[in-house]
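This report is for a reader who is new to the structure. Please look through the sequence and the model before reading on.

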Amino acid sequence: MNEDLPFANRTAANHAEKQAIAAKATGLVNNGYSIMADASTTVLALIDILQAKTDLTIITNSVKLLNDYARAGFTLIGTGGGLRAHSFAFVGALACRTLEAYNVDLALISCKGLDRERGVMESNEPEALVKQVMVRQAKTRILLADHTKFDQIVFMRTLDYANLDYVITDREPKRAWVDFFKKEGVQLIY
């Protein structure tokens, strides 16, 4: 329930699925947008494609994103905070306070598990709290989750589906999920 794989393992896992999700998400990101991006490998796959966009401001707790895209033409703002070396993510009170200072067009987050009753879940509390703040500060909230995250229960409930506008995944989920998202008012893209 609280398996927290190292960043290198997560980068290698489901690479094609992450690329497919990223390609589907690019149409929701307009030039000139301000974005909060979490430290997930799926969001990082999308950031790579977004280099084709112009005038993007990205606020992130991802050390990897800040390092890899320092010269990509984005305006980057790092949250600072305590470092979770396991995931290359800044967390804690300072990271959350930094995020609370900004209002953005989009929040781009991923998760470790999705359950219709238990909501969107994360494997650790520090990153879950950062994602909660990102979602609160954004006009549009987008969850990027590959098919392996569905029907998975993990350590901590992060969000209810009412906190999301879009869920983007790599393939059509079970009919129960399609109906559920429709009932919840969440736009599903697959």
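Is N61 buried or exposed? With a relative accessibility of 2%, N61 counts as buried; buried means under 20% relative accessible area, exposed over 50%, and partly exposed in between, with a 1.4 Å probe and protein chains only.

## Basis of the model

This is a predicted model, in which local features need pLDDT of at least 70, side-chain atom pairs count only at pLDDT 80 or more, and totals for chains, interfaces and linings use all residues. Residues are numbered from 1 along each chain as its sequence is written, and side-chain values use heavy atoms, with hydrogens and water left out.

N61 sits in the loop between β2 (57-60) and α4 (63-68). Helices (H or I, at least four residues) and strands (E, at least two) are DSSP runs, numbered from the N terminus.

A polar atom of the N61 side chain lies 3.4 Å from the backbone nitrogen of A39. Apart from neighbours within four places in sequence, N61 is in contact (heavy atoms within 4.5 Å) with A37, D38, A39, T79, F88, A89, F90, V130 and M134.

## The seven-stranded sheet

Seven strands form an open sheet with parallel pairing, in the order β3-β2-β1-β6-β9-β11-β12. Its edge strands, β3 (75-78) and β12 (187-189), each pair on one side only. Two strands pair if DSSP finds at least two bridges between them. On average, neighbouring strands of this sheet are turned by 20° against each other, direction ignored. Axes are lines fitted to C-alpha atoms, for helices over the stretch in contact, and angles run from 0 to 180 degrees between N-to-C directions.

Within the sheet, β9 (residues 138-144) and β11 (residues 166-168) pair in the parallel sense over three bridges. L143 has V167 in β11 as its bridge partner. Helix α2 (residues 15-25) packs on the sheet and touches β9, β11 and β12; its direction makes about 140° with that of β11.

## The three-stranded sheet

A second open sheet has three strands in the order β7-β8-β10, with antiparallel pairing. Here β7 and β10 (156-159) are the edge strands, each pairing on one side only. Neighbouring strands of this sheet are turned by 40° against each other on average, direction ignored.

Three bridges join β7 to β8 (residues 119-122) in the antiparallel sense, and the bridge partner of G113 in β8 is M121. Helix α6 (residues 125-136) lies across β8 and β10, running at about 15° to β10.

In helix α7 (residues 175-184), the buried residues are W177, V178, F180 and F181. Seen down the axis of α7, these fall within an arc of 165°, so they line one face of the helix; the arc is that of the directions from the helix axis to the C-beta atoms.

The cover over the buried residues of α7 includes β7 (113-115), β11 and β12. R175, K182 and K183, on the other side of α7, are exposed. Just after the helix, G185 takes a positive phi of about 75°.

## Cysteines

How many disulfides does the structure hold? The count is zero, where a disulfide is a pair of cysteine sulfur atoms within 2.5 Å. The closest cysteine sulfur to that of C96 is in C111, 18 Å away, which is too far for a bond.

C96 counts as buried because its relative accessibility is 14%. C111 also counts as buried, at 3% relative accessibility.

Definitions and conventions:
Polar contact = N/O pair within 3.5 Å; in protein donor to acceptor, adjacent residues only side chain to side chain.
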